[in-house]
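Reader: I'd like to learn how to read a model like this feature by feature. Could you walk me through it?

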Amino acid sequence: MTKQPRELALLAESGRLLASVFGLLDRTSLAGLSTLQVNEMVEQFIVRDLQARPASKGQYGYGFVLNSSVNNVVCHGVPSQSNVLRDGDIVNFDITLEKSGYIADSSKTYLVGRVNPAAKRLVQTAYEAMWMGIRTVRPGARLGDIGWAIERHAKRNGYSVVREYCGHGIGREMHEEPQVLHFGKPGTGLALREGMVFTIEPMLNRGRRSVRTEADGWTVVTRDGSLSAQFEHTVAVTASGVSVLTLRPDEPGPGPN
Ligand code: MG
C-alpha cells in the first residue's frame, strides 16, 4: 500500500499537471457554458497541452474526462449539452489525470457568478473540512482521525457528510486500497505509513446526508434536494506529515504538521 520514491515523484508530477487543469478552470468564466463544453475544454488541455491521459474516460465505461455536479448533485454528474451553468449555481468539477502510468485525482466546487451567502458558506465549509482531514495526516495517525476531523467540522456548521462515497488509495490504478471514510472515530482504523498515497474528498450537504442515484446510473443527488459541495486532493504521507500532490498555486497548503 506504500509507494517507492520513484513512484511518489511520478505521482507528484501527475498532481502538478492536474493542478494546472484547475488553473485553467479558474481563468474561465463558467456562466453560460454547458458542462459538456467544460468537459471538451478540459479534455483538449489535458491531451494536447499537457500530453497526458484523462484517466476517467473509459474507466467503468464512463465517456467523459470529468464529473460535473451542479447544486443538489452530490457527485458523478455527467456532462451534457443541455446542462448550462447559470449565475448563482455551484458546480463541482472532479478530474483525474494520468501521466507516465500514475494517476492524480482532484476536485473543486466553483461559484458561478453571484452565489447566495448560504451556498457560499456550504462551499467554504466543505473546503475547510477537506483541509481539516488533510492536516491530520502523518505517519502513525489513523484513518479514523481523518474522518472524525471532517465530520466534526461539518456538524459544527450544521451540515451533514455523505457516507456512501469515500476517498481512496491511488497510484497506477484510480481506486486502490485503502478506503478513506469522511466520518469516523479518532484513534481507530488503519495506521498511516510513509509512502501511502490517497485522496481525501468530503461531500457536505446542507440538508440530510442521504443520497440516491438517478436513472442514468451515474448522477448522485441529495434525497431532500438540498445543495451539496465537495473538494478533493490527492495526498502522500511523508516522513514528517503530508504532501498535497494536487496543491494549486493559489492554495497555502497544510502548514506545519
Ligand atoms: Mg476520487
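**Reading the model**

Author: For orientation, UniProt, in an unreviewed entry, places the feature "domain: Peptidase M24" at residues 12-239. Keep in mind that this is a predicted model. Over residues 12-239 the chain is 28% helix and 26% strand, with the end C-alpha atoms 16 Å apart.

Reader: Let's start with the metal. Which residues coordinate the magnesium ion?

Author: D105 (OD), H168 (NE2), E201 (OE) and E232 (OE) do, at 2.2 to 2.3 Å. Written as a sequence pattern, the donor residues are spaced D-x62-H-x32-E-x30-E. Take two of them: H168 sits in strand β6 (residues 167-169) and E201 in the loop between β8 and β9 (203-205), so this pair ties together parts that are 33 residues apart in sequence.

Reader: Are H168 and E201 buried or exposed?

Author: Buried, both H168 and E201.

Reader: Next, strands. How do I read the two faces of one?

Author: Here's the general idea: in a regular strand the side chains alternate between the two faces of the sheet. Now look at β13. On one side you find H233, V235 and V237, on the other T234 and A236, and all of these are buried, which leaves both faces covered.

Reader: Why is strand β13 described as largely enclosed by the rest of the structure?

Author: Because five of the five residues in β13 (residues 233-237) are buried.

Reader: Which strands does β13 pair with?

Author: Strand β8 (residues 197-200) is joined to β13 by four bridges, and the two run antiparallel. Within that pairing, I200 stands opposite H233. Strand β14 (residues 242-244) also runs antiparallel to β13, with three bridges between them. There, V235 has V244 as its bridge partner.

Reader: Now helices. What should I check on α1?

Author: Try its span. α1 has 22 residues and reaches 31 Å from its first C-alpha to its last, close to the 32 Å expected at 1.5 Å a residue. Then see which residues are buried: E7, L11, S14, G15, L17, L18, A19, V21, F22, G23, L24 and L25.

Reader: What do the buried residues of α1 pack against?

Author: They pack against α2 (35-49), β3, β4 and β8.

Reader: And charged pairs? How many salt bridges does the structure hold?

Author: The general idea first: side chains of opposite charge can pair when their charged atoms come close. This structure holds 10 salt bridges. One of them is between the side chains of K3 and E176, at 2.7 Å from N to O. That pair links distant parts of the chain, with K3 in the segment before α1 (5-26) and E176 in strand β7 (residues 176-180), 173 residues apart.

Reader: Why does K3 count as buried, while E176 is partly exposed?

Author: The cut-off for buried is under 20% relative accessible area. K3 counts as buried because its relative accessibility is 11%. E176 has a relative accessible area of 21%, so it is partly exposed.

Reader: Which residue forms a salt bridge with D87?

Author: R114, with the closest N and O atoms 3.3 Å apart. This pair also links distant parts of the chain: R114 is in the loop between β4 (102-111) and α3 (117-135), D87 is in the loop between β2 (73-75) and β3 (90-99), and they are 27 residues apart. R114 counts as exposed at 68% relative accessibility, while D87 is partly exposed at 43%.

Reader: Which residues are linked in a network of salt bridges?

Author: E151, K155 and R163 are.

Reader: One last residue. Where is S56 found, and what does S56 touch?

Author: S56 is found in the loop between α2 and β1 (66-70). It is buried, with a relative accessible area of 10%. Leaving out residues up to four places away in sequence, S56 touches Y62, F64, V65, T96 and M174.

Methods:
Residues are numbered from 1 along each chain as its sequence is written. This is a predicted model: local features need pLDDT of at least 70, side-chain atom pairs count only at pLDDT 80 or more; totals for chains, interfaces and linings use all residues. Side-chain values use heavy atoms; hydrogens and water are left out. Buried means under 20% relative accessible area, exposed over 50%, partly exposed in between (1.4 Å probe, protein chains only). Two strands pair if DSSP finds at least two bridges between them. Donors are N, O and S atoms within 2.8 Å of the metal (3.2 Å for Na, K and Ca); water is not among the atoms, so sites may look incomplete. A salt bridge is a side-chain nitrogen of Lys or Arg within 4 Å of a carboxyl oxygen of Asp or Glu. UniProt positions are given in the numbering used here, feature names are shortened, and annotations may be inferred rather than shown by experiment. The expected span of a helix is 1.5 Å times one less than its number of residues. Contact means heavy atoms within 4.5 Å.
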